Structures are given as C-alpha cells and as structure tokens.
Amino acid sequence: MFKTRLFILFALVAAMGMVAAFATAAEDAQTVAEKEAKLIAVLASDAPGAQKAIACKELAIYGSGKAAPELAKLLANEQLASWARIALEAIPAPEADAALRDAVAKLDGRLLIGTINSIGVRRDTKAVDVLAGRLADKNADVASAAAVALGHIGDAAATKVLRAALASASDDVRSAVAEGCILCAEKLMNAGSGKDAAKIYDEVRTAKVAKPRLIEATRGAILARKSAGVPLLIEQIRSPDKAFYYIGLSTARELPGREATEAIAAELANVGEDHAAVLLMVLGDRNDPAAAPAVLKAVKSNSKRIRIAAMGVLGKFADDASVPTLLETAVDDDAELAQAAKATLIGLKGGKVDAAITADLTKAEGKSLLMLIELIGARRIEATAALIKSLDHEDANIRAAALAALGETAAQKYLGVLIARALDPKHGDDAPAAQRALKAAAVRMPDRESCAAELSAALAKASPANKTLLLEILGAVAGEKALATLAAAARGDDDALKDTATRMLGAWMSVDAGPVLLNLAKNTKEEKYQIRALRGYIRLARQFAKTPAQRAEMCNRALDTAQRDDERELVLQVLELYPSIDGLKVAVKATKNDKLKAEATKSALVIAQKLGGKADTKELLAEIGHAAVKLEIVKAEYGAGDRKKDVTAELRKAARDLPLISLPSDNFNSAFGGDPAPGVQKQLRVQYKINGAAGEATFAENAMILLPVPK
Amino acid sequence: MKSKSRRPDRRGFMKTALSVGAAMMAPEVIPGSALGKDGAVAPSQRITVGGIGIGNRGTYDLGCFLEQADVQFLAVCDIKETRRTAVKKIADQKYGNSDCDTYRDFHELLARDDIDAVLIATGPNWHATAAMYAARAGKDMYCEKPCTKNIAQSLILKETMQRTGRIFQAGTQRRNLPHFAFACELARTGKLGKLKAVHAHPAGMKTMMSGWMTPEPEPPKEQIDWDRYLGPAAWRPFNRAHLDGFNFEKGGGMTGGGVLEWGSHCVDLCQWAVGADDVVPVEYNPPKDGRLVARYENGVELIIRETGWLPLGSCPVRFEGEDGWVEAGDSGKMVLSSPALLAGRKVEEIGGYPATFHVRDFLDCVKTRSQPKGNAVAACYAHIACHAAGIAIALNRTLKYDRHKNEFIGDEQANRLRSEALREPWRI
C-alpha cells in the first residue's frame, strides 16, 4: 500500500508541467502528522533521488522538527541538498535551525554556501558565532556568504561582528561585509535608530569596497540622517560622477521634509538647463507643496527647456496662481511652449482655474479666444451661453472650437441647437464639426431615451444624407427608442438607410437587438442584409453573457435561419467556445443536415470532450454514431525528421473514451513539454487501438487530434 | 567563458569617454525632446545595455531596444551557445561591426563597468535571481515577467531596488499601451462610478511544478550549461524537455502556473485600475466554475476568470463600476459601456501595441531616475496577488492575507509557501 502510494506520488510530479495538487482542504493535525511520517520514511529509505526530492518538497508544507534529522543528512548530498533546504528553510521549528547550524562545520564549497544562505534567510540569531567564524574562511565565496547572512540576521551581535570585519576582511570579501553592514544599518534605520544607522553607512562609505556598496551606503547615510542628510544629498546632486549623481536624484525623491524640498529647489539656480529640468521632475515627484513657488518661478524662466519641464510638473500642485502665466504662455508663438501650457491648464486642479478661464472669455479675441474655448471643452466647464454666441463668430476656427466645446459640455436642453447646426449649418464649412459635436453630446446625455426620441424626430424631416448621419448617431446612443428607429429604417425601402441601419444593428452592444436582427435575417429581401443581420445575431450569441440554455437557443435559431455554410460554421464555433449540454444538443441536431454533418459531428465531439464524461454527453454522442469507445494509445511521437520525442505518456493522460483527444494546450510544444525541433514544421504520429482494433494516424502540428475509428 | 570577438579599442573608447566626462563635466542628463527620441545620439551619451538570456521573447524586447537611438547594445550572456551566437549576429548586423561580446557567465557581463543596464529575458526560473545580482552590480534593468517565483522574492525585489537605487522595469508592457492605460484610468479616476470589480484573464487556473525527469546525457557546457540553466532551481538530472525555459520552475515549482503567467500582466493592470500599486487583495478564494474571486480591503473584487471574455485578443481585462464598464485586450481594441467614456476620442486613435513604448519609458527613467510604469513596487504587489491566488488554488481553500505583515492569517501551510530555498550558491 505504502509503495503504491509512493509510486502514485512520484508519477504525479515527475513529469514536467504536472498539476501540483498537494492539499485539497485544511487538514487536521493527525492527518498532517501521518503525512509527515510517511515522507520522513521516504527520506530514510533507499528510494530513488527523485522520490526523496519530492518528499522534501512536501515536507516544506507538512514537516515539523521531527523531519530535521533526515533532512540534515541530505545537506551533504550534491543532488539533494537543495531539495532538503527547501524543507529546512520552511519548517518553523528550532530543530531546522540546529540542523543547518550543525551542518556548517561539516560542509565546504557550494554546499556550505547554500547552508549559510539558508541560515541567513531564517535569520537565526543563534548562528552568529558560527557565521562569524566563517568570515575568515579561505574560500572567499564562503566568507562572503557568511557576511551577507549575518547582515540578514542583523541583530546587535551580528552588526558588531560585521563592523569589525569591515576593517579586517580581505579585499575579496570586504564588499560582501559591506553588504551585510548595509543590511544591518537598514534594520536600525527602520527601527528608528537613524544615528546608529548613519554611523554604519558612513563606515561603509569610507571603506575600500565596490562602488555599488558606496552608492548604497550614501543613500542610506542621507536617509538615516533625515533633514540633517540634506547637505549630503545636495553633494550627490552636484557630483560629477554619474553614479553618485543618479543616487542623488533617486534619494531626493525619497527623503521627506520641507528642508530637502527647499534645498533641491535652491539648486535650480546653480545648474544648467538640462539638470534643472531633471530637478524639476524630482520636485514634481516629491509631491511637496513647498516646491510650488520654485516651480512657478521656473515656468517664467528664460529657458524654454526649463519652462516646459516646469509646466510638466505644475499640475501636481493645486496652485491657481500660475493660471495667468499659463494662459499667456498658451498663446505663445512657440507651438511647443503653447502646447505645454495648454496641457498643464487642462489638468490643473484648483477651484479658481475654471473661473479664471471663463472670466476672460467675453473680452478675448483671436488666438486667445480660440484657446479659452478649447480649454472650456477640455475641462468640461459650463459656459453654454458664451459658446452659443461664438457659433456665429466670423472666424471658422472659433466656430469649430465652440461646436466641439458644446459637444463636451452642453446640457440636454441644448441638444436641439446642435441638431440644427449639424443638419442645417449657417456656414457650410461648419457641418463636419457640428456633426461631431452632436454625436459627442448625444452619447453622453443622461436621459438616453429622450435624446433618442429627439434625434428620431429630427430624422423624419432630415435630408437623405442627414438621415444617415442621424442613424449612425442613434446607433452610438443605443437604447430602446434608438433600436426601434433603426429597426424601422432597416425594414424600410431606402437602400442607403437599410445599409446604415443594418450596419449599426450588426454592431449593437446589447442583447436586446437579438429579436430585431433575427427578424431581419429571416424577412429582409436582400441577401447582403440578411447575412449582415444574421452575423450580428451570431455575434450577440458569442460576445455576451447568458445562460447555456439561452446561448444554445440563439444558436439553434441561427442555424435554422442560416442559408449559407459560412454562418452555420460560425454558429458551431460559438457552441465549441461555450461547451454545454444544451449546446451539444444543438450540434447533434445539426448533424441531421447532410451538408453540415461533418462539421457538426466534429463540433459535437469537441464539446463532448470539453464537458468530460457526463452521462448526457454519452447518450447524445451515441445518437450520432459515436458511442463511448475503449481507446488505448500504443505509441505517440512528436517532432520532425530524426528530432522526435516520445509523447505516449502525455497522450495517454489526455485520452478518454472518445476518439477525440484534447491536450492541456492547443500548442503541441507546450502540451508536450518543449519543442523537439525548433523552426521546423512538426507532426504527431499516433499508434492506437479503438475497441481493440489497431489504427495509426498522423496530425500536423497543433491540429485537432481526431483518431479515425479503424474498420 | 568569453568570446574573442570583442574589440578592446571601442570598449576602451567608451571607458575613456565616461572617465573624461566624469572629470570634466557633470553627467549627461537629457530630458524632454532630446531623450534620444529624435536623431542620432553620440556614443558617449548612449545607454549601454547588455542582455541576459535572450530567447524568443527576449529577441522581441531586444528589437525594441535596438530601435532606440540612445541605446548601444554591447554584450549578451546565455547558457545556450546557439542563442549567444544568434543575438550577437543581430546586434552586429545592427551596428555594422562584430563588437557584441558573448558570455556564458553573467557575472562577467555584470562586472563590466561600461554597461549601464541589462535586459533580463531568461526563463522565469532566473528572473528574480538575475535581477538581484544585476542590482547589486549597480545595473538598471528591464526584466521580463513573471519577475518572481514567490511572495518573499517579490518583497525582496522591491527592497533591493530601493536599497540599490536601481531603475527596474518589469516586462509588463501593457502598462505602456495606450488603450490599456486609458481603460485603467477610467477605472482609477472614477469615470466608471464607484468601482465594483476588476477582471483578469489567467493562462489557466492550475498550479504547476517541474519535476525530476528521466536523466539524459548532458551536453557539453559550451553548448548548454545545465548547471547554470538550473541556477536557483533545485537540482535534477539533465532532460531536454526541461529546456523550455518558459515553463521551467515558473513560480517556484510549487504554486506557479496560469494565474502567474498572465496574471503578471492582467492582475497587474487590475491593480493599476484599482489604484493599488502598493496594495494587494486581502482575501483569496479557490476557483469555482472557472472563476477565482479575491477581494481588496475596500470591497472591490478581483475576479480571475478563464471564460466569458469579449473577443478582444489575449490578456483581456475588464473593469466594472456602478456607472459603467470597459473591457480591453491585446487586439488594441476596447469595448465600453457607453461611447461617452471615450470623451470624443475613437478607440482606434487611442491605439495599442507596439511594446516599444515600455522600453522607451525605461530608458527615459534611466536618465531621469523617475520610476517607470512597471516599477519594482508595482511589480512586487501585482506578483504577490498572483502568488497568493496560486497558493489558494494549490491549497484549495480560502486564504486571508495581512497586507501589512505580508503573511496569511492563521494558515501556516500557506505561509510556508511564501518562499522557497534557492539552490547553492545562489542567493537573492
């Protein structure tokens, strides 16, 4: 019994990509203890390495201190040490710590390094002396591992050892000691002992260690000092060395406090425009209101680059004192500057910004007026009266901007104004802008039905071209009234309107268009509209959430209505996409159609395969001559030429009691655990028996695996 | 191992240029329009890049890097000879020389002081470990996803990048695709009303582990360095089927799987949509009917589900608020509950791929030290959410997570799965 279980366990996990299901529910202590005992027994047995490895994995979950002795024996085993440490690192018992500590004296080389690393991960404070002894190990990698592990432990004793070692360590170990010191200092800093941390960071900064350690220690030395670290921060920002300059920039984003903000802001006056631009980004990232005056000052700089950078971060400060400057810049002759100012104004927070923009509207002209109207639209400011007045402005650009702004801001009661401008513009050139504005306004109206009613009413009096426009807008608005209007147009006699209406209905975004589309598919005279309507109906069946019965019924109706194989195949694809017993019934019914028999049979098998072995499935398949079979995979190979792999096991696992085999992935390379012949088209060759009769079949890469039933 | 193709004179030039620069002037910082997006950039001002583990996905990433005028790709490291050679060929063709150096041991590449940043595109087994070694060597990095194998690695990744001051960009390029960013912003800024649920597509809902397969003859180290390939993963004999780095030891070989594979994209986007880059759900339920439901502290549901998606391409996400919803996928398309949410824009003009935007974001941040979209904090917590979901699947029970202590509440077995020992001599 025990051996059988072991075999099953091994078989479950030995193959690549197997499902790891090692627990199914919360287990009581007795069950866990029993599992642990069996796993320990595997380790103590002469079981193959593979079984012991997996036992270690499971002991990481089920193991206690009782498992430590057997796990410890594996720490000297080159093949199994890493597996043993998976368990020992995870088991929350002092016996695990003791096992790792004891092993330090017995191991060397990589195995010792691994054990030391695990001690570090477990932060075993009792191991400080053991690790301290290894700091002088002749193997620099061992000594380095000990230093870093001590850093992870990071208590007072470990810190003391590491600080002493920073002076005494050999050149090839000192950087690792520094890494350990930095970890200790970080722990102190996070615990609120910034002064002690700063001392350690400073010791590392003056030690002869690798440059990355100097960089890290510099960052720590700044942060540990808090506001007293500002001078050191500024020193980095001024550094000619790129690495220190960079750590200055990133630490400047971390160090909190007004002092730091003001010191960084003060640097703007001392650096070139490239550096100032970057410092402005730093100030923006700090999110400290204390930076606002400096950023605002930079907006007025003589340097274009600095001005653009400043405007780029100004939006982070809710400061409307910048609005006059930005409004002025937004009409600058320099398009880049103007665009930056406009973008900032659009995103600027602060209650007075909208007021400042509308205040200037009545007296503004030319470029300024155009810019203000664009801002009104972009910021969604209510200024309808002024915008309507601008619709009759002599400048076509102003009129177009006002239309666009109305599209974004006008309330529902002004929809009539936009309908009139779109259908009968006073200036012919305004028509495109007015039509865009009408659509933008219509789709955001809170009362959709009322909006659709107003548009539908306009439809009756509109010119043919405008009718098309209104139908398209109604399609975007959607809702009951719009659907009814479009349905009527689709049933009418005007071909252009039928075309537009069926197009809009075909892309409808809710299932309530289903009956309309089905009706059109059945009753419209023109084949092209029949097809469009039916495809729209099938799309609804595919795209939207519904019960299996509802989806199957829609597919059934679509199959009954379809006149062409193209649409029938689309329906079968929907059924395959959402496998259900209801859908299978529809596919089985479709096999009665001689023309569709082959495709429908294939779909039925695919659905059945996805549904697994449900009883209803077998009965339905029996109806189409596919009763359950006894399938045996004799041999399967996947690949090309002489680069083939045996995939018999994989195929056997996927095979059920149907001639169709569904793999875990549609991609054969994934399903079979790798590509045996990269860059080459491969084949799957299967030898099998169905109900005892032998067969053989070959399939192209990633093809459906439907085994012919041998005669 | 080191190739003999390197020309010391060019590398020497780079070194000279850097040292002269250091002595005579402040470091180059090139903001705004001069960030290398326009025109040629002098070699001394380029970001020098090395590649670690450049396979299929990595080659796509590399293409995005090579498009940038301010990038100079100097060297590649790979445990597979064929890949080293292939990447060298691409780089040398790009620059019209034979200067791209090749290494089998990434320590040699990381030891080069003329390399600013690395592209890490190994299999997931190596991502976190290589990233940590790169950080400790003072390199900025673009690291493919999934970036970590467990919760502990996710936290250490974040802490290490902060401690070392490195710029880290996870290969979560969808954060820089305009239509995904637009959809996330709709959710984050309240345009969908009070957020109720965010939906993510996994690549399956099973947990996977790589086992110990039948031993096969091990190829020469020069061709395939098996010891290096295993790297931090527990030892097992060579078997060619393991060489599919894409799946090997993903998620620590115990709880990784489909949720982690696409979750590092889709759950990541959901986190962004919730505005929770430094937060994770506090409850994880095992899957039921193909849906895994997790909950944030504020009640928003994270729903990881396999079916019921609109046909918008792979890696779809959906965000639902009280007033509207939006769904987006890799096709670059979005479907919204109302066109009003587009505020006059068209889905087509918002646009989707290419992933070059994400690489550009990384390079700009290398120069300004701002945080890129896929930064270490965002990646850390998105990955924790995926790992926690994976543990709920593996244990098949509801788990409560204390996001402040980063531990499961009252579930020791779940807590044991938060980390896993690395094979010697590797550490993070």
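Visitor: Which domains does the assignment give for chain B?
Guide: Domain bounds come from an automatic or database domain assignment. For chain B it gives domain 1 (8-173) and domain 2 (174-352 + 378-428). Their C-alpha centres lie 25 Å apart. A word on the model: it is predicted, local features need pLDDT of at least 70, side-chain atom pairs count only at pLDDT 80 or more, and totals for chains, interfaces and linings use all residues. Residues are numbered from 1 along each chain as its sequence is written, while chains are lettered from A and ligands numbered from 1 in the order in which they are written.

Visitor: How many residues of domain 1 of chain B are in contact with domain 2 of chain B?
Guide: Two residues are in contact if their C-beta atoms, placed from the backbone, lie within 7 Å. Here 30 residues of domain 1 of chain B are in contact with 39 residues of domain 2 of chain B.

Visitor: Which elements give two or more residues to the domain 1 side?
Guide: Helices (H or I, at least four residues) and strands (E, at least two) are DSSP runs, numbered from the N terminus. On this side they are α5 (124-136) and α6 (151-164) of chain B. The largest share, eight residues, comes from α6(B).

Visitor: How do the residues of that side divide?
Guide: Ala, Val, Leu, Ile, Met, Phe, Trp, Tyr, Cys and Pro count as nonpolar; Asp, Glu, Lys and Arg as charged; the others, Gly among them, as polar. The domain 1 side has 13 nonpolar, eleven polar and six charged residues.

Visitor: How many residues of chain B are in contact with chain A?
Guide: 55 residues of chain B are in contact with 71 residues of chain A. On the chain B side, α6, β8 (208-209), α12 (376-395) and α13 (412-416) each supply at least two residues. That side divides into 27 nonpolar, 16 polar and twelve charged.

Visitor: Which strands does β5 of chain A join?
Guide: Two strands pair if DSSP finds at least two bridges between them. Eight bridges join β2 (residues 631-640) of chain A to β5 (residues 683-690) of chain A, and the two run antiparallel. Within β5(A), A:Leu684 stands opposite A:Tyr638. Eight bridges also join β5(A) to β6 (residues 693-700) of chain A, again antiparallel. There, A:Thr698 in β6(A) is the bridge partner of A:Arg685.

Visitor: Which residue takes a positive phi in the hairpin of β5(A) and β6(A)?
Guide: A:Asn691, near 50°. The hairpin has two residues between the strands.
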